[in-house]
Amino acid sequence: MKNNIVLCGFMGCGKTTIGKALAKALSFSFVDSDAVIEQTAGKTITEIFAEHGEAYFRGIEKSIIKSLSQQKGLVIATGGGVMLKSENAEALKKTGSVIFLDVSKDEVLKRLENDTTRPLLQRPDRENAISELLIKRRPCYLDAADITVNADTCVETVTEEILKQLKNI
Ligand code: S3P
């Protein structure tokens, strides 16, 4: 196990909830890259996308990821788009064991049914958007991961599985 634990995966896969449970179990500090972006910008993710666009958001995201990857003793929940940039993935992998929370399209649809905080999913064809993004992104998550776990189950089961697998790396 490296200095940090990094959780990656699609929106709604449970990075924040599971990250908090893992941090508690390992006595690490929990940090959510989206929350740091919001604090840094003084705006919500929705406001950043609406006022400045996605490219601007990705720029802040990149610098936050660089800074988090230079720290120690963190469980880092990354935004769903972080691992798409190889520079982000490389920085995080240098200091962290990367865990991919592999969630199905149906589970994402169910979990985010009433969500209004993900700009990329505010579309009438939400199901198609999720399918397309999942197909495009899953290989990036898999590529970055040291450990992949099925994230369609409950927090306790996923957390236990991660803790078990972390002992083997
Ligand atoms: C994004 C996922 C979001 C947030 C932003 C963009 C993405 O984070 O970073 O809305 O590109 O998948 P979560 O994965 O925590 O929802």
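This report describes the ligand site, the aromatic pairs and several individual residues of a predicted model.

Local features require a pLDDT of at least 70 and side-chain atom pairs a pLDDT of 80 or more, whereas totals for chains, interfaces and linings use all residues. Residues are numbered from 1 along each chain as its sequence is written, and side-chain values use heavy atoms, with hydrogens and water left out.

**Ligand site**

The ligand takes up the space of the largest pocket. A pocket is defined on a 1 Å grid over the protein atoms alone, as an open set of points with protein on both sides within 12 Å along at least five of seven lines; a molecule sits in a pocket if more than half of its atoms lie within 2 Å of its grid points. Around the ligand there are 13 residues, of which K15, D34, R58, R118 and R137 come nearest; a residue counts as near if one of its heavy atoms lies within 4 Å of the molecule.

The distances are as follows.

| Side chain | Ligand atom | Distance |
|---|---|---|
| D34, N or O atom | oxygen | 2.7 Å |
| R58, polar atom | oxygen | 2.7 Å |
| R118, N or O atom | oxygen | 2.7 Å |

Taken alone, the ligand exposes 390 Å², and the protein buries 95% of that area. Accessible areas come from the Shrake-Rupley method with a 1.4 Å probe.

**Aromatic pairs**

A pair of aromatic rings is described by the distance of the centres and the angle of the planes. Rings of Phe, Tyr and Trp (its six-membered ring) pair if their centres lie within 6.5 Å; planes under 30 degrees apart count as stacked, over 60 as edge-to-face and the rest as tilted. A search of the whole structure finds 2 aromatic pairs. F49 and F57 form a tilted pair, with 4.9 Å from centre to centre and 40° between the planes. Both F49 and F57 are buried, where buried means under 20% relative accessible area, exposed over 50%, and partly exposed in between (1.4 Å probe, protein chains only).

The rings of F100 and Y141 have centres 5.3 Å apart and planes at 35°, so this pair is also tilted. Because F100 lies in strand 4 (residues 96–102) and Y141 in helix 7 (residues 126–144), the pair ties together parts that are 41 residues apart in sequence. Helices (H or I, at least four residues) and strands (E, at least two) are DSSP runs numbered from the N terminus. F100 has 2% relative accessibility and is therefore buried; Y141, at 1%, is likewise buried.

**Individual residues**

F57 belongs to helix 4 (residues 54–69) and is buried because its relative accessibility is 3%. From F57 to S86 the separation is 29 residues in sequence and 16 Å in space, C-alpha to C-alpha. Helix 4 also contains S63, which is partly exposed with a relative accessible area of 44%. S63 and F30 lie 33 residues apart in sequence and 18 Å apart in space, C-alpha to C-alpha.

In helix 1, G19 has a relative accessible area of 0% and is therefore buried. S27 is placed in the loop between helix 1 (15–26) and strand 2 (29–32). The phi angle of S27 is near 55°, a positive value in a residue other than glycine. S27 is exposed, as its relative accessible area is 67%.

Technical notes. A polar contact is a pair of N or O atoms within 3.5 Å; within protein, one must be able to donate a hydrogen and the other to accept it, and residues adjacent in sequence count only if both atoms are side-chain atoms. On a 1 Å grid over the protein atoms alone, a cavity is a set of points where a 1.4 Å probe fits but cannot get out, and a pocket is an open set with protein on both sides within 12 Å along at least five of seven lines; lining residues have an atom within 4 Å of a point.
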